[in-house]
Amino acid sequence: MSRRSQSKDIYRDGRMTSDPWADYLHDIRFCRPPQWSPMEHVDILHRHGKKVKKTFVTFQQRGKALTSTSGVARWQRVEDARYDRKVEAALATGEWEALGPRHDVTQGTKEMYNRGIRIDEVTGLEPFAFITALAGERDVYMSMSRYWLPQRKKKFVKEIAALYVDIDRPKESAKHWRPEVELAKALNTLRDAKKPLPSYAMYSGRGINLVWLLQSPLPVQATGRWQSVARRLVELLSVYNVDVPASLDVCRTFRISGTVNSKSGDTVTPLWIQGDPYAPFRHDFDVLNDALQPMDRESYLLERRMRERSAWSKTAAGERKDIRRSKDGQRHSRSQPTAKLTARSGQQRLSADLDLLREHRWGNGEIPSGARDSWLYCYTVALAWTMPPHALERSVRALGREIGWSETEAVANMSSVLDRAREAQHLQERQAGGEGIGDCDNVHGAKTKQDTRYRLSAEAVIERLAVSEQEIRELNLRYVITPEIRAERERERMAASRGQETTPMSREERKLTTLRRDWEIMEIIAANAWSVRKAAAELGMSSSTIGRIVRRLRPC
């Protein structure tokens, strides 16, 4: 195609004379960056700056073992063990028809095979040959974070290399969806909002991955800050069919440049790069945080210190609290207040607990049909308090695909939660417009005076999902907890605030301990035939205390 015909194509698709994103579209189409090889993609994402030993990056591929002869043997043992378990189940149930033949991994499979490679050994002979050979392979993924061990699990995350937003191709308009136009619009949205542009944008075959590379990797202890900034990026680009769970998952994997998407047949390739094509611009995380958050970090820390000082150092009457020093020299208040959860913060904790519960029970894969509806209902109710309805519906569609439903089934089953979220937004918009609360009506035309979104208590979630006390303690859940565990944690917090080395006992435990002590004293008095005065003198207690014990425990 000639340059002139391409120019006409741009005028027809992008309307360069009127659309503000046409200049980005021109750069994307006529200044296309070079195709990265898989090794170049790994170097750009993970081999920048200081090399840290014993840090792993993980790879995934569907249908083919990612190692050589030793790897094939290892995965064949995994498949054989899985087949043996199926045989045991068939022996127990007698259902031999569904057993099927034993699987040979060299013939391909739909399972995802994983391999971890140390970053400081990527240039070694075997790892280099393995990564280079990925060019042209189908469905190959690379982790965006780095791990202590060669396993892609949250508990093994060591460093976070980038921020990212995953934009999917919508099914409704798949025929008219064009990645260049969608990327140009997204870049223009960020420019108009005066927000940092991504380091590069990668076409994944059925979507776009926007990646903000970091100058230095973020330690895992800063995951909360990372998710807060990622959530702001998702909110800015929410109109572009963003996959919210993928964009907020610290363990997410994305396709590698030079590989092939088997669903579309397209090659994964960079569409747009900021800066040098082989050394994209890298962002300082603190600068990103200040640019995207409503308050810069220094102002936030100052306000938090002032808020804590006001809440902890003064009583409701404005008087100073009695603050003392514990044995370790730290300052503690005698009565530190417990933070009261709002509806939004409580449901945010609930969504985090549900993520941990899902990973613990089902490993972030498909959820069995018996628990699928209950888990997604609880998760959708929690998300309804943290995002607008249009983003909530996209999240429900994405989650439905992950847990084993179609998008239509997921939206239909969660329709009541989605309707109530729309009613709440409608109410907020009417109130923001200056109308009285009593004048607001919901989407069905009925009058409403309060937020209609569902809220789930911890007891309701425990009952719906049959959460055991062992799971609560093992996963250290923060919202989905029983009243007994909540009281136990409160006692531990109070003990820590007072500088105590042991946890204070509950009222029932104190009563039981006192009763045991009194019975021991009563047995000593009866064995020696002491009077009240004699027992008080021998045991070093007051006569009134001994008399009270005798009157309470003496047989009638």
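This is a predicted model: local features need pLDDT of at least 70, side-chain atom pairs count only at pLDDT 80 or more; totals for chains, interfaces and linings use all residues.

First, the overall figures. The protein chain has 556 residues, and 42% of them count as buried. Its secondary structure comes to 21 helices and 13 strands. The accessible surface is about 30,700 Å², with 50% of that belonging to carbon and sulfur atoms.

How many residues make up the largest nonpolar core? The number is 109, and the residues with the most contacts inside this core include F59, L210, W212 and L237. If we take L237 as an example and leave aside residues up to four places away in sequence, L237 touches V165, A186, T189, L190, L210, W212 and V242. There is also a second, separate core of 9 residues, with I521, M522, I525 and L553 among them.

Next, the strands. Which strands pair with β5? One of them is β4, residues 145-147, which pairs with β5 in the antiparallel sense over 3 bridges; here S145 stands opposite I160. Strand β7, residues 207-219, also pairs with β5 in the antiparallel sense, over 9 bridges.

Helix α6 spans residues 179-192 and contains P179. Is P179 buried or exposed? Its relative accessibility is 12%, and the cut-off for buried is under 20%, so P179 counts as buried. Beyond residues up to four places away in sequence, P179 touches Y203, I208 and L271. As for I208, it is 29 residues from P179 in sequence, yet the two C-alpha atoms are 7.0 Å apart in space.

I now come to the aromatic rings. A pair of such rings is described by the distance of the centres and the angle of the planes. The count for this model comes to 6 aromatic pairs. F59 and F130 form an edge-to-face pair, 5.6 Å centre to centre with 90° between the planes. Because F59 lies in strand β1 and F130 in helix α5, this pair ties together parts that are 71 residues apart in sequence. Both F59 and F130 are buried.

Why is the pair of Y377 and Y454 called tilted? The ring centres are 6.2 Å apart and the planes stand at 55°, so the pair is tilted. Y377 lies in helix α12 and Y454 in the loop between α15 and α16, so parts 77 residues apart in sequence are tied together. Y377 is buried, with a relative accessible area of 14%, whereas Y454 is partly exposed at 26%.

Elsewhere, Y164, W226 and F254 form one aromatic cluster.

Finally, charges over rings. R115 lies over the face of F130, at 4.7 Å from the ring centre. R453 lies over the face of W385, with a distance of 4.1 Å from the ring centre.

Thank you for your attention.

Key: Residues are numbered from 1 along each chain as its sequence is written. Side-chain values use heavy atoms; hydrogens and water are left out. A nonpolar core is a set of buried Ala, Val, Leu, Ile, Met, Phe, Trp, Tyr and Cys residues joined through side-chain atoms within 4.5 Å. Buried means under 20% relative accessible area, exposed over 50%, partly exposed in between (1.4 Å probe, protein chains only). Contact means heavy atoms within 4.5 Å. Helices (H or I, at least four residues) and strands (E, at least two) are DSSP runs, numbered from the N terminus. Two strands pair if DSSP finds at least two bridges between them. Rings of Phe, Tyr and Trp (its six-membered ring) pair if their centres lie within 6.5 Å; planes under 30 degrees apart count as stacked, over 60 as edge-to-face and the rest as tilted. A charge sits over a ring if NZ of Lys or CZ of Arg is within 6 Å of the ring centre and within 35 degrees of the ring normal. Accessible areas come from the Shrake-Rupley method with a 1.4 Å probe; for residues, only the protein chains shown count as cover.
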